[in-house]
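Visitor: I am new to this structure, and I would like to understand how its descriptions are reached. Could you show it to me and let me ask about the words as we go along?

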Amino acid sequence: MSLSHMENMPLSHSSLQGAQRPSWKQWLFYSTVIIVLLLCSFSALIFTFLPLKTAQGPCVAKFGPLPSKWQMPSPEPSCVNKTADWRLKILQNGLYLIYGQVAPNTAYKGRAPFEVQLRKNEDPIQALTNNSMIQNVGGAYEFHAGDVIDLIFNAEHQVLKNKTYWGIFLLTNPQFIS
């Protein structure tokens, strides 16, 4: 054999001509994708077998419209405690739905600017300032035991109490079952 003939011979005897081994970048990418898929599957299994606690029974409270007093389906729900007109104390951690309607008194001519606030521990979580139309108040909020929720007005006669109300409903207690 001549040396010129040896230059044309392949060095390996693989049957795949021109096949390349995957680079380290491809290995890293594929292994990352597989790990992410495994973590997602594992997380789905955990959340399937560890459901959230739901509220034991209905926990609902509503204040107003006239007569202006707290209306509750049971004598004292286990999740809230009425402390005053327009004010509740939260007794149970959870996700709550607050709903309500504020009807401004368009005949009110006092000095105080119209403002209605939904507050948590005296910090506003929602404010209404439009006194030309009936407005909705509320939303879904996470509250903790001891939180105080109230609806306040700048002046007592700024709202029509026969058309203004607010209520609270415990949706769920988002703690894992132990």
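Guide: What follows is a conversation about a predicted model, in which each term is set against the rule behind it.

Visitor: Why is the contact between Arg87 and Asp150 called a salt bridge?

Guide: The term asks for a side-chain nitrogen of Lys or Arg within 4 Å of a carboxyl oxygen of Asp or Glu. The closest N and O atoms of Arg87 and Asp150 are 2.9 Å apart, so the pair meets that limit.

Visitor: Which other salt bridge does Asp150 form?

Guide: The side chain of Asp150 also meets that of Arg119, with N to O at 2.7 Å. Arg119 lies in strand E7 (residues 116-120) and Asp150 in E10, so here the parts tied together are 31 residues apart in sequence. Arg119 and Asp150 are both buried.

Visitor: What makes the pair Glu156 and Lys161 a salt bridge, and how accessible are these two residues?

Guide: Their closest N and O atoms are 1.8 Å apart, which means that the pair falls within 4 Å. Glu156 has a relative accessibility of 46% and so counts as partly exposed, and Lys161, with a relative accessible area of 22%, is partly exposed too. In total the structure holds four salt bridges.

Visitor: What joins Arg87, Arg119 and Asp150 into one network?

Guide: They are joined by salt bridges that share partners.

Visitor: What makes E4 and E8 edge strands in their sheet?

Guide: Five strands form an open sheet in the order E4-E5-E10-E7-E8, with antiparallel pairing. Strand E4 (80-84) and strand E8 (123-128) are its edge strands, as each pairs on one side only. Neighbouring strands of this sheet are turned by 20° against each other on average, direction ignored.

Visitor: Which residues of E5 lie on its covered face, and which on the uncovered one?

Guide: Leu88 and Ile90 make up the covered face, while Arg87 and Lys89 make up the uncovered one. In a regular strand, side chains alternate between the two faces of the sheet.

Visitor: Which residues touch the most other members of the largest nonpolar core?

Guide: Trp166 and Ile168 do, within a core of 27 residues. Among the elements that give two or more residues to this core are strand E2 (60-63), E5, E7 and E10. E2 also has a covered face, with Ala61 and Phe63, and an uncovered one, with Val60 and Lys62.

Methods:
Residues are numbered from 1 along each chain as its sequence is written. This is a predicted model: local features need pLDDT of at least 70, side-chain atom pairs count only at pLDDT 80 or more; totals for chains, interfaces and linings use all residues. Side-chain values use heavy atoms; hydrogens and water are left out. Helices (H or I, at least four residues) and strands (E, at least two) are DSSP runs, numbered from the N terminus. Buried means under 20% relative accessible area, exposed over 50%, partly exposed in between (1.4 Å probe, protein chains only). Two strands pair if DSSP finds at least two bridges between them. Axes are lines fitted to C-alpha atoms, for helices over the stretch in contact, and angles run from 0 to 180 degrees between N-to-C directions. A nonpolar core is a set of buried Ala, Val, Leu, Ile, Met, Phe, Trp, Tyr and Cys residues joined through side-chain atoms within 4.5 Å.
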